[in-house]
Amino acid sequence: MKKIIYVLTCCLALCFASLSFAAVPSAEIRAQAIEISKELRCPSSMTQSLYESEAPIAAELKGLIYKKLAAGESKEQILTFLSERYGEQIRYEPAMNASTAMLWLFPAFLFLTIFFWFVIAVLLRKKLK
Amino acid sequence: MLPEFGHFLLILAAVIAFVFPWTILYGVLRKPPAFTGLWRPAVLTVFSGLTLSLFSLAYAFLTNDFSVTYVSENSNSYLETFYKIAAVWSSHEGSMLLWIWLISCWTTLFALLTNESEEVKAPAVASALLIIGLLSLFLVFTSNPFARQLPMVPAEGKDLNPILQDIGMIFHPPLLFLGYAGISLSFAFSIGCLLRRQLTPTSLNSLTKISSIAWGFLTAGNVLGSWWAYNELGWGGWWFWDPVENSSFIPWLLASAQLHALLLARKRHKLCKSVLFIPIAAFTVSLIGTFIVRSGVIQSVHAFASDPNKGLFLIAITVLMALPALILFARNAVFFKGDTSEINAYDAAVSVAVMILSAAAAVVLFGTVFPLIYQGFGLGSLSVGAPYFNSIFAPLTIAAALLISGFTLFRQRAASAAAVIAVSAASSVAIAFFLHPKDPIMTAFAVFSCAMLFLSLITEALTKRAGQNWFAFLAHLGIAVSMVGVIGDTQFQQEALVRMGPGYGRSLGDVIFVYDRTDKVDSKSFYADEGRIIVLDKNEKEITELRPQRQTFKSNGMQMTHAGISHGLFRDLYVSMGNQLSAEEYLMRLNIKPMMIWLWLGGLLMIFGLFFARTFRREKDLS
């Protein structure tokens with residue numbers, strides 16, 4: 001008998017726990033979910049982000065993002081999960097790795113060059129005088 | 001009959017524009033020059049040919065001549081008259097014809113109205129004609145707007161793309177094309193100078209005129225495009241970093257770089273090679289942009305007129321025009337020796353501006369074509385979009401604003417500089433740490449740079465003697481004003497996505513949105529469900545009423561949203577209707593966007609600055 005009550009209580013507790021998850025997510029999670037949905041491309045209407053898209057799949061994925069956030073997953077985990085499922089193309093900002101490093105190295109190179117030109121051409125030349 | 005007439009004139013213009021320039025260019029390079037006067041009949045024939053050709057296409061639209069494929073694809077007899085005219089440039093064939101015609105307009109105006117010498121005009125006009133010739137041949141061979149579908153003439157046409165059935169969309173493409181056409185002319189002008197190995201002060205002034213007008217139209221086109229996106233697309237965004245937007249943003253960045261470079265070239269006789277090179281780059285980039293729009297190689301919201309075969313032709317044309325231009329530049333650039341004396345602070349400041357704007361253009365271009373490169377190397381497919389570009393452009397804009405204000409304050413007394421810095425820092429701390437933005441650190445930097453820019457410009461305007469460059473003042477002030485809008489939207493906007501139907505209310509920030517009822521609207525081209533949303537303040541007093549629409553187009557069943565917006569100087573209240581969820585309920589997006597309108601006010605200020613500078617306070621032409 002005790003065991004049964006124990007199991008029942010556990011079940012009830014679990015139910016309540018899941019109910020509280022299913023309830024309206026906190027404002028913070030909501031904001032975070034919106035932010036993530038803006039960084040993902042909708043798999044069905046490719047010219048829109050998940051946030052903009054009205055396709056059924058977009059609604060489903062937005063729900064998934066809420067759930068995963070509520071379950072304590074991080075933004076990076078969710079992005080990785082979705083890009084594994086739908087392809088790298090779903091991310092509007094590619095994950096940084098050896099093959100995509102140029103995307104960041106190129107601007108860095110350009111702006112550093114400008115910076116050094118400025119330092120050498122203007123500031124140093126004055127000093128040398 | 002009239003479409004054949006237009007077709008014939010298009011071919012005539014194409015052939016003349018393609019054949020005559022060779023004779024003119026040969027004549028220019030001969031010693032002594034010969035046949036240079038030939039540009040006059042050539043440009044006039046090409047211009048009138050293209051004008052009549054465009055008019056006959058417009059006439060086909062106005063008279064519902066559905067035997068012309070292009071007309072039946074993009075118009076029908078129920079369309080309002082002004083939409084029928086707008087339909088002329090609503091798709092690939094017509095918009096290319098418009099672009100080519102606008103290049104011929106600019107060329108004719110330049111040839112007839114400027115007081116350049118014949119030797120300068122001849123090679124420039126010849127190069128412009130060559131551009132017109134190549135593009136018209138492309139049009140004639142791959143995308144003839146006058147092609148008929150005989151004998152199967154449809155009784156009714158399809159429809160103008162519903163996205164384009166809006167006043168903003170009627171003017172957005174022609175404005176951008178006016179800008180592109182201006183860039184094409186500045187390219188031709190630069191080729192002319194390179195061929196003659198000469199860049200006189202008069203030529204510099206002409207180049208400045210052409211470049212600044214092109215810049216003005218590009219600015220206007222982009223501002224209008226983003227205004228339209230904000231009002232029509234129903235998710236409150238105003239810039240997507242979509243490949244096609246990028247391809248109008250890159251020429252704008254380069255045109256801005258060119259304006260800065262021209263300043264140094266005219267006043268200090270420096271950067272002479274740059275002012276000849278930037279037009280070549282800008283024109284090449286605008287061709288690459290056309291390729292991106294038309295070929296559909298990169299997924300884009302604007303890809304409603306794409307065809308991979310046309311892409312190949314466009315690549316060929318791009319190479320055909322850019323390669324000779326680059327070779328010419330490489331060979332002849334040595335003849336343009338600027339003043340090589342020591343640079344002063346002013347030179348350094350303007351040079352840095354030129355470099356940053358050009359580098360920004362290169363970065364946007366690289367990010368836009370990166371998915372293509374990636375795919376080309378067989379690494380798979382990926383997307384480069386808004387989060388990437390924002391992460392680069394946010395710090396870049398802040399840095400640029402700080403640099404402008406730094407260089408402006410450099411010429412001020414130390415006391416006023418210190419005051420400006422102190423006030424900016426104080427307002428930055430106040431806004432970033434007491435008003436609860438989404439990202440306090442970013443906001444602190446952004447507000448600081450924006451306040452610095454604003455205050456330093458004002459300080460300069462108040463203390464400056466004669467010689468204030470009012471265009472620069474207003475354009476830079478425009479940047480500060482636009483930054484206010486961006487900070488307000490990205491850091492302080494409040495949004496909610498809710499299920500709503502009649503009787504529902506939702507509070508957001510300090511207001512309450514109440515869904516009152518749904519009305520049915522029946523217009524000429526669409527049916528719509530129109531929500532009536534009442535916005536109440538804290539004391540439940542009505543502030544305003546918003547009417548977002550969910551439109552279904554009669555011709556093809558396409559669904560569009562039309563946001564309900566109450567614009568205000570300090571905040572926009574924005575509601576858009578999403579999917580219908582049940583018989584009475586819709587998925588509604590509610591937004592409060594502080595300072596949103598400042599984004600476009602900044603753009604207007606830039607355009608106004610140009611207008612003001614060109615008409616009222618024409619700067620003395622320096623030699």
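Select His436(B), which follows helix 14 of chain B and has a positive phi, near 55°. Helices here are DSSP runs of H or I of at least four residues, numbered from the N terminus. This is a predicted model, in which local features need pLDDT of at least 70, side-chain atom pairs count only at pLDDT 80 or more, and totals for chains, interfaces and linings use all residues. Residues are numbered from 1 along each chain as its sequence is written, and chains are lettered from A, with ligands numbered from 1, in the order in which they are written.

Next, select residues 414-434, helix 14 of chain B. At 1.5 Å times one less than its number of residues, this helix of 21 residues should span 30 Å, which agrees with the 30 Å between its end C-alpha atoms.

Within helix 14 of chain B, colour the buried residues Val420(B), Ser424(B), Ser428(B), Ile431(B) and Ala432(B). A residue is buried if 20 or more other C-beta atoms, placed from the backbone, lie within 10 Å of its own, and exposed if 12 or fewer do.

Now show helix 13 (386-410) and helix 15 (440-463) of chain B, which are among what covers the buried residues of helix 14; contact means C-beta atoms, placed from the backbone, within 7 Å.

Thr397(B), Ala401(B) and Ile404(B) in helix 13 meet His476(B), Ile479(B), Ala480(B) and Met483(B) in helix 16.

How values were computed: Helix = DSSP H or I, 4+ residues; strand = E, 2+ residues; numbered from the N terminus. Contact = placed C-beta atoms within 7 Å.
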